[in-house]
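Here are my notes on the model, as numbered points. Have the sequence and the 3D view open while you read.

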Amino acid sequence: MRVTFTQVPDKIEEFEVGESLELGDLRALLELNFDIPIERQRLVYKGIVLEGNSKTLGELGVEDQSLIHISDSSQQQSYGSPSALSPQLEAHRQQVLRNPALMQQLQQTHPEIARAVQNDPAEFGRLMNILQQRQAQLQQEQEQEMANLDADPFNVESQRRIEEAIRQQNIMQNMATALELNPESFATVTMLFLDVTVNGTPIKALV
């Protein structure tokens with residue numbers, strides 16, 4: 001049977017698997033394709049988290065043409081108490097402080113976080129915790145939306161939204177390929193023109 005796996009926001013993979021395949025073996029396959037360790041995989045099918053690595057897909061009720069959503073459970077963990085900045089978050093704060101370009105960008109996009117990075121580590125932890133919670137909530141909403149689509153995959157609106165997700169994935173793949181093969185096309189180029197005279201004819205020379 002064919003099963004489609006999605007990872008928000010835009011990664012989609014389809015596999016041919018058997019009903020007798022155990023969940024643990026499926027997780028090993030997904031680890032190779034989604035780069036999420038087995039112990040951190042969160043698989044959601046029709047709004048239900050799949051558990052029991054020794055169970056087969058048939059026992060878990062997975063059917064042909066099903067849609068399963070995969071996410072990294074570690075990304076849903078809290079940063080912890082704002083007053084006790086975790087070593088990982090403190091290392092991230094120090095990295096921002098050492099990067100003037102990143103700090104400038106942060107000041108333009110999130111000035112309150114930039115101020116916290118410079119002056120208040122505890123506030124930085126609190127703000128990052130809020131952002132992480134929002135991200136987790138958004139991910140859960142997206143997973144629920146995809147589960148609703150999976151409940152009626154032949155609905156015209158469901159097909160449209162699934163096609164849109166596939167289109168977005170293709171765009172991201174093309175962007176990644178372009179960045180790898182032609183990175184210069186994404187760079188800002190400053191051109192210098194000089195007024196020169198060649199054989200008595202004034203022209204502009206590109207340096």
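1. Start with Arg2, which is partly exposed at 31% relative accessibility. On the scale used here, buried means under 20% relative accessible area, exposed means over 50%, and partly exposed lies in between (1.4 Å probe, protein chains only). Keep in mind that this is a predicted model: local features need pLDDT of at least 70, side-chain atom pairs count only at pLDDT 80 or more, and totals for chains, interfaces and linings use all residues. Residues are numbered from 1 along each chain as its sequence is written, and side-chain values use heavy atoms, with hydrogens and water left out.

2. What does the side chain of Arg2 meet in a salt bridge? Its partner is the side chain of Glu16, at 2.9 Å, N to O. The term covers a side-chain nitrogen of Lys or Arg within 4 Å of a carboxyl oxygen of Asp or Glu. Arg2 sits in strand β1 and Glu16 in strand β2, so the bridge ties together parts that are 14 residues apart in sequence. Glu16 itself is exposed, with a relative accessible area of 53%. Glu14 joins in too: Arg2, Glu14 and Glu16 are linked in a network of salt bridges.

3. The salt-bridge count comes to 5. Another one to look at is Arg40 with Asp72, at 2.7 Å, N to O. Arg40 is in the loop between α1 (23-34) and β3 (41-45), while Asp72 belongs to strand β5, so this pair ties together parts that are 32 residues apart in sequence. Are these two residues buried or exposed, or partly exposed? Arg40 counts as partly exposed at 31% relative accessibility, whereas Asp72 counts as buried at 6%.

4. The side chains of Glu123 and Arg126 meet at 2.8 Å, N to O. Both residues lie in helix α5 (residues 121-151), 3 residues apart, about one turn of the helix. Glu123 is partly exposed at 26% relative accessibility, and Arg126 is partly exposed with a relative accessible area of 35%.

5. How many aromatic pairs does a search of the whole structure find? The answer is 1. The rings of Phe5 and Phe15 have centres 5.6 Å apart and planes at 55 degrees, so the pair is tilted. For the cut-offs, rings of Phe, Tyr and Trp (its six-membered ring) pair if their centres lie within 6.5 Å; planes under 30 degrees apart count as stacked, over 60 as edge-to-face and the rest as tilted. Phe5 is in strand β1 (residues 2-7) and Phe15 in strand β2 (residues 11-16), so the pair ties together parts that are 10 residues apart in sequence. Both Phe5 and Phe15 are buried.

6. Have a look at Asn53 as well, in the loop between β4 (48-49) and β5 (66-72). Asn53 is partly exposed, at 39% relative accessible area. Leaving out residues up to four places away in sequence, Asn53 touches Glu22, Leu23, Gly24 and Arg27, where a contact means heavy atoms within 4.5 Å. Asn53 and Gly24 are 29 residues apart in sequence but 4.2 Å apart in space, C-alpha to C-alpha.

7. Last, the overall view. The protein has 6 helices and 7 strands; helices (H or I, at least four residues) and strands (E, at least two) are DSSP runs, numbered from the N terminus. Buried residues make up 28% of the 207 residues. Among contacts between residues at least 6 apart in sequence, 54% join residues at least 24 apart.
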